[in-house]
Amino acid sequence: MDNKRLPIEFYKRDALIVAPELLGKLLVRKFPNGFVQHYAITEVEAYCGVTDLACHASKGRTKRTELMFYDGGLVYMYLIYGMYWMLNIVTSIENDPQAILVRGVDAVEGPGRVTKLLQLDKSFYGESLITSQRLWLEDAPPIDSAKIITTPRIGIDYAGDWKHKPWRFVWNPK
C-alpha cells in the first residue's frame, strides 16, 4: 500500500474518534537538511473542548488557544516547564476546539522527547498538516485494535474529575 498524506476530512471529526485512529499512522518530518523521516504514532491523548477542564480551550479563546477554534488539521504547539514543546493536532470543526497530544512515536516515548527528536518548536504553531512541506501525517496499514490500551490522561491533576477520563490511547506494535 502506498502511504499518502491524510486529508482534511480526517481531522474534522471529534478528537475521541480521531485519537485512536492516529495510532499507527505515520508522522512525517522533513528536516531542514532535506532528510525525510517517518515515525509511527504509538501514544496520544484527546482533549475535548471548552467543557473538558484539562483542555486549554476550557480557559476560553485566547491568543494561545485561538487556532484550536479553527477547523482541524493544524498543529497546536505550546511550551511546558519553559523547556518542552508539546505537539498537538487540532481536530473537529470551527468553534469546537479539540486537540490531540502526540505522546509517543515508535522511536521515543514522552511528548517532550517526540518534539526534541523531530526538532519541533514554536515555529510549527499553526502549521497545516494538509499543505506543510516540513510536517504531515500519512496513512498506514490498519493496526490490530487488540494491541490498543486506553488509560486516563497523564499529568492533569488540576482537571478534577476530568483527569479520570480514559482518553489516552497507547499502541504497542510488538
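Colleague: Which strands and which helix each supply at least two residues of the lining of the largest pocket?

Modeller: Strand S2 (36-48), strand S3 (75-80), strand S4 (84-91), strand S5 (98-105) and helix H3 (111-117) each do. Helices (H or I, at least four residues) and strands (E, at least two) are DSSP runs, numbered from the N terminus. The model is predicted: local features need pLDDT of at least 70, and side-chain atom pairs count only at pLDDT 80 or more, while totals for chains, interfaces and linings use all residues. Residues are numbered from 1 along each chain as its sequence is written, and side-chain values use heavy atoms, with hydrogens and water left out.

Colleague: What makes a set of points a pocket, and what makes a residue part of a lining?

Modeller: On a 1 Å grid over the protein atoms alone, a pocket is an open set of points with protein on both sides within 12 Å along at least five of seven lines; a 1.4 Å probe fits but cannot get out of a cavity, and lining residues have an atom within 4 Å of a point. The largest pocket has a volume of about 490 Å³, the volume being the space filled by probe spheres set on the points, which are joined across faces, edges and corners. There are 27 lining residues, and Tyr-78, Ile-80, Gly-155, Ile-156 and Tyr-158 are the closest to the centre.

Colleague: How many residues of each class are in that lining of the largest pocket?

Modeller: The lining has 17 nonpolar, 6 polar and 4 charged residues. Ala, Val, Leu, Ile, Met, Phe, Trp, Tyr, Cys and Pro count as nonpolar, Asp, Glu, Lys and Arg as charged, and the others, Gly among them, as polar. For the second largest pocket, of about 180 Å³, the classes are 6 nonpolar, 2 polar and 4 charged.

Colleague: Are Cys-48 and Cys-55 buried or exposed?

Modeller: Buried means under 20% relative accessible area, exposed over 50%, partly exposed in between (1.4 Å probe, protein chains only). Cys-48 has 14%, so Cys-48 is buried. Cys-55 has 1% and therefore counts as buried.

Colleague: What makes Tyr-76 and Tyr-78 an aromatic pair, and why is the pair called tilted?

Modeller: Rings of Phe, Tyr and Trp (its six-membered ring) pair if their centres lie within 6.5 Å; planes under 30 degrees apart count as stacked, over 60 as edge-to-face and the rest as tilted. Here the centres are 5.6 Å apart and the planes 40 degrees apart, giving a tilted pair.

Colleague: How do you know that the charged end of Arg-134 sits over the ring of Phe-124?

Modeller: The rule asks for NZ of Lys or CZ of Arg within 6 Å of the ring centre and within 35 degrees of the ring normal. The charged end of Arg-134 meets it, 3.7 Å from the ring centre of Phe-124. The charged end of Lys-165 likewise sits over the ring of Trp-162, 5.0 Å from its centre.

Colleague: Why does Asn-95 count as partly exposed?

Modeller: Its relative accessibility is 48%, so Asn-95 falls in the partly exposed class.
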